[in-house]
Amino acid sequence: MTQTDKAKGQSGKLIVFMVGAVGYGLLECLWRGRTHWSMLLAGGLCFSMLTHIEQVCNKWRYLYRCVLGSGVITMIELIFGLIFNRLLHRNVWDYSHIRYNVAGQICLLYSVLWGFLTALVLPICHRLIDTLQRRERML
């Protein structure tokens with residue numbers, strides 16, 4: 001693999017991350033009326049992971065990919081919650097008032113919502129993968 005090929009792959013990953021960061025930031029502003037900069041990082045990471053799931057698990061049933069995506073997003077949410085809410089005391093969110101929560105950082109309700117969001121986002125991931133692959137072939 002040449003340096004040019006590596007640069008193309010890295011720029012594609014950066015584009016995916018940025019789409020996720022901006023997209024999730026906008027979604028959170030619509031949902032809660034505000035966001036925190038850490039959520040842009042979490043959104044970029046989640047979208048990158050969903051794109052990876054769409055590439056690697058594309059032969060799986062759609063429902064299984066959605067469940068996997070929900071699990072990945074929930075784990076990222078837990079990690080970010082433990083860091084930003086518990087360790088750094090930023091109080092970005094608190095699910096302690098919602099039933100079936102873990103340490104107020106993740107909860108069953110939002111895990112299910114992440115599954116529905118994954119169902120909406122996976123086609124976007126697929127289309128973005130196709131677009132980036134076409135772009136790489138043209139360069």
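**Exercise 1. In what order do the elements of the chain run from the N terminus on?**

Solution. The model is a predicted one. Its chain has four helices and two strands. Read from the N terminus, these elements run α-α-α-β-β-α. Along the principal axes, the C-alpha atoms fill a box of roughly 50 × 35 × 25 Å. Of the 139 residues in the chain, 39% are buried. Among contacts with a separation of 6 or more, 59% come from residues 24 or more positions apart.

**Exercise 2. Classify the crossing of helix α2 and helix α3, and describe the contact.**

Solution.

Step 1: take the geometry. Helix α2 covers residues 37-56 and helix α3 covers residues 62-87; their axes come within 10 Å and cross at roughly 155 degrees.

Step 2: apply the cut-off. Angles over 145 degrees count as roughly antiparallel, so α2 is roughly antiparallel to α3.

Step 3: assign the hand. The crossing in which α2 passes α3 is right-handed.

Step 4: list the residues. On the α2 side the contact is made by W37, S38, M39, L41, A42, L45, C46, M49, L50, I53 and E54, and on the α3 side by R65, L68, G69, V72, I73, I76, F80 and F84.

Step 5: sort them by class. The contact of α2 with α3 has 15 nonpolar, two polar and two charged residues.

**Exercise 3. Classify the crossing of α2 and helix α4 in the same way.**

Solution.

Step 1: take the geometry. Helix α4 spans residues 108-138, and its axis comes within 9 Å of that of α2, with a crossing angle of roughly 75 degrees.

Step 2: apply the cut-off. The range from 65 to 115 degrees counts as roughly perpendicular, so α2 is roughly perpendicular to α4.

Step 3: list the residues. From α2 the contact takes F47, L50, T51, E54 and Q55; from α4 it takes T118, V121, L122, I124, C125, H126, L128, I129 and Q133.

Step 4: sort them by class. Eight residues of the contact of α2 with α4 are nonpolar, five are polar and one is charged.

**Exercise 4. How far apart are H52 and I129 in sequence and in space?**

Solution. Start with the position of H52, which lies in helix α2. H52 has a relative accessible area of 42% and is partly exposed. In sequence, H52 and I129 are 77 residues apart; in space, the C-alpha to C-alpha distance is 9.4 Å. I129 is also one of the α4 residues in the contact with α2.

**Exercise 5. How many salt bridges does the count come to? Work through each pair.**

Solution.

Step 1: state the criterion and the total. A side-chain nitrogen of Lys or Arg must be within 4 Å of a carboxyl oxygen of Asp or Glu. The count comes to two salt bridges.

Step 2: treat R32 and E28. The closest N and O atoms of this salt bridge are 3.6 Å apart. Both residues belong to helix α1 (residues 3-32); because they are four residues apart there, about one helical turn separates them. R32 is partly exposed, at 27% relative accessibility, whereas E28 is buried, at 6%.

Step 3: treat R65 and E54. Here the closest N and O atoms are 2.8 Å apart. R65 lies in helix α3 and E54 in helix α2, so the pair ties together parts that are eleven residues apart in sequence. R65 is buried, with a relative accessible area of 8%, and E54 is buried at 7%.

Step 4: link back to Exercise 2. R65 and E54 are both among the residues that make the contact of α2 with α3.

Conventions
Residues are numbered from 1 along each chain as its sequence is written. This is a predicted model: local features need pLDDT of at least 70, side-chain atom pairs count only at pLDDT 80 or more; totals for chains, interfaces and linings use all residues. Side-chain values use heavy atoms; hydrogens and water are left out. Axes are lines fitted to C-alpha atoms, for helices over the stretch in contact, and angles run from 0 to 180 degrees between N-to-C directions. Angles under 35 degrees count as roughly parallel, over 145 as roughly antiparallel, 65 to 115 as roughly perpendicular and the rest as oblique. A crossing is left-handed if the near helix is turned anticlockwise from the far one by less than a right angle, and right-handed if clockwise. Contact means heavy atoms within 4.5 Å. Ala, Val, Leu, Ile, Met, Phe, Trp, Tyr, Cys and Pro count as nonpolar, Asp, Glu, Lys and Arg as charged, and the others, Gly among them, as polar. Buried means under 20% relative accessible area, exposed over 50%, partly exposed in between (1.4 Å probe, protein chains only).
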